[in-house]
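Trainee: Please take a close look at the pockets in this model and what surrounds them.

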Amino acid sequence: MRRRGLLASAGAAAVAAVTGCSVPAPRRGGPTADPAPGIPITSSRRAQLMQIAAHPDDDLYFMNPDGRRMLDAGVPLVSVYVTAGEHDGKNHIPGRPGVPADKAAYSSARHQGLRQAYATMLGLGTFTTWQKGVITLRGDRRAEINTLTHGNRRVELVFLNLSMHAPRRWSALPSLWKDRALGLRTVVADDSPVRKADTYDYDALVEVLVGLMERYRPTVIHTLDPDPDIQHSDEKTRKKDSEQPGYSDHADHTAVASFSWAAMVRWAADATRDGGSLPAFVATSFRGYYNRHWPKNLPAPVLKEKAAQLVPYGGDPSWACGNSGGCGDYNVGGDRPLTNKKGWVRATHYRYPDAGPVVSTEPDGRLAVYGVLGLRAVRWRETHPGSGEWGEPGDLGGGPLAPGLGGVTLADGRQLLFGLRFAALGGHGGPNAREVVLLEQRRPGGPFLAWTGLGNPERGDDRGRRLGVPVAVAGPDGRVHLFVRNADKGVSGRVREPGGTWGPWRDLGGAEVQDGLSAAVDGSGRVHLFAAGREHVHHWTQDTPGGPVSFRPGGALPVPGGPVAVAPAGDGGLVLYYRGPARADVTAVRPDGTPAPKAALDGYGPVTVTATPRGPAFLGRDLRGRVRIRTPGPAGRLATRTGGVVPLGRAALVPHPRHGLLAVGLGADAHPWTWTPEPRTQG
């Protein structure tokens, strides 16, 4: 039997025990996501990146530098572009009004821009010849595929080329997601080997994406944001920012992200039907036009590299590229990505930012790592205590889950895991809901009880979709405090009593913050919560241990560029560590705004900090994306991970009995990597 007894009971009773957890049901008949645990997992450990974008250039604006880092490390890349990107057919040339409309030519020019950008990324000439071909998709549909290799690196570009607009449907792709009766034609681009248009409906697009996933077996899937922030701008500003009414992103981005998530759910469900194995992949969703509204988080060297990749994409009408439709998306060329006031290129944000994998110590001394694989919770265990090597993942169920888990170890050693679940993911007018879920360990190091639904602090599915990644912390009184970013961009919380009962959701007030919350307990036993706002770090805490957590106004903390790390200070207080907007260095400050000794760890992205007897130790990425550790103490040294699989997202940093410090993260092969800052190891 594939169930391994990790639920309270098996079969229908086990599924029924997932209190409040409904299962997404696509309109097409067939398998759906099963939240029960025990499904076998198949992993080739062969890294493969798949990007799914709405328009040509979404990957360059919103998914880099992550995609570029993987490509540089030799991870094969296939990038799928759902729309033709043809818009009104006008390839605007700055300073030249009156450009004629030609949708087939404009789509072709944007394809050429992508070929130019990726050839440059591979270290080849801008106009290097690609292999052009036609790929047959599910439903006997056809799409253009472009392939280029250089050494051990390979890029494939797949152009589905669905129309952005249709008669009586200006936003055609969002309409395709919502309307079960709609059929959408493709655009036949100039110079394409595909010479006949196809028609897509809702199920056809999902099936085509599932077929591509099955063909390439990606270990990493990059998507856009399926649940963008609520954003109420006046109509003039909204149109200028190219955002959909009421939300901080382009409507096509949301629709393609929703189709991508529906396809991932169906791929996993199809694969596990009749006792089959779950494909091992890690999903990452990237924010889009959200970047316009929040502090920019890329320091100058990283921004320069990212923006430079848009220059060959934008191209120039004077170039002799050999493509009859044009030589790029001309309005994006030159220095325009950097001078564009929307600032999209100046940041890269995850939709579901977490603090890295949850790491705990088992009763036998082995480490356990918890994460999300194939949209389900999994556990890896060390092969033996102190080895730093990992066995195969064990499926804990709960899917489909958003990336990232929150974790708390109780005083008795049992583990609590918190996830954000796609409780329903239906297009064509179906339900689309999210809920916070809990997995509680039965005994330390042992099996888990059934998944429990903790609901949603928001009323209504639309607002409920805006939730962030759950973060939790255990107080010395045995209470567990759970926090999530809510639809108003504030914070909601819920408290679990020592006996296991949960209080109601409460809105904790405060100002607007980004996701990526950080919770900690100080030396007096008070719970604290920190979050990055637009102008400073926001703070919630208790007046006394055991009291309610409430917002602390004041604004004494310097402006952050992203999530905040928190560590205990020697006097029982706390110290915050984070990078400021567009800064490579790390800010160190007390909650009252008093400066603290800095951590010399220049780079980009969030910082991870852990307490040791000699003081705090730090982990982050350098300006080239490599993992670095600053060891503790006045004589602490800086070590850089120079080998091993390319890391994904944030990593955990834990004290280790054998290695002193151990960095643990997930790699592009969908498997944990470990590294300790010793000369003999590479990770």
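Mentor: In this predicted model, the second largest pocket has a lining of 32 residues, and those nearest its centre are His87, Ser242, His250, Tyr289 and Trp344. Two or more lining residues come from each of the helices α2 (58-63), α4 (103-121) and α8 (251-272). By class, the lining of the second largest pocket splits into ten nonpolar, eleven polar and eleven charged residues. The space in this pocket is about 850 Å³.

The largest pocket holds about 1400 Å³. Its lining is made up of 44 residues, with Ala355, Gly407, Ala472, Ala519 and Val609 nearest the centre. Here the classes are 31 nonpolar, eleven polar and two charged. Strands that each supply at least two residues of this lining include β12 (358-361), β16 (406-409), β20 (471-474), β24 (518-521), β28 (565-568) and β31 (604-612). Another is β35 (647-656), and β35 makes the greatest contribution to the lining of the largest pocket, with five residues.

One of these strands, β16, also belongs to an open sheet of four strands, ordered β16-β17-β18-β19 and paired antiparallel. The edges of that sheet are β16 and β19 (452-455), each of which pairs on one side only. From one strand to the next, the twist averages 35°. The antiparallel pairing of β16 with β17 (residues 415-425) runs over four bridges, and within it Gly406 is opposite Phe418 of β17.

Note on methods:
Residues numbered from 1 in each chain as written. Predicted model: local features only at pLDDT ≥ 70, side-chain atom pairs only at ≥ 80, totals over all residues. Heavy atoms only, no water. 1 Å grid on protein atoms, 1.4 Å probe; cavity = no way out; pocket = protein on both sides within 12 Å on 5 of 7 lines; lining within 4 Å. Points joined across faces, edges and corners; volume = space filled by probe spheres on them. Nonpolar A, V, L, I, M, F, W, Y, C, P; charged D, E, K, R; others polar. Pairing = 2+ DSSP bridges. Axes fitted to C-alpha atoms, helices over the stretch in contact; angles between N-to-C directions.
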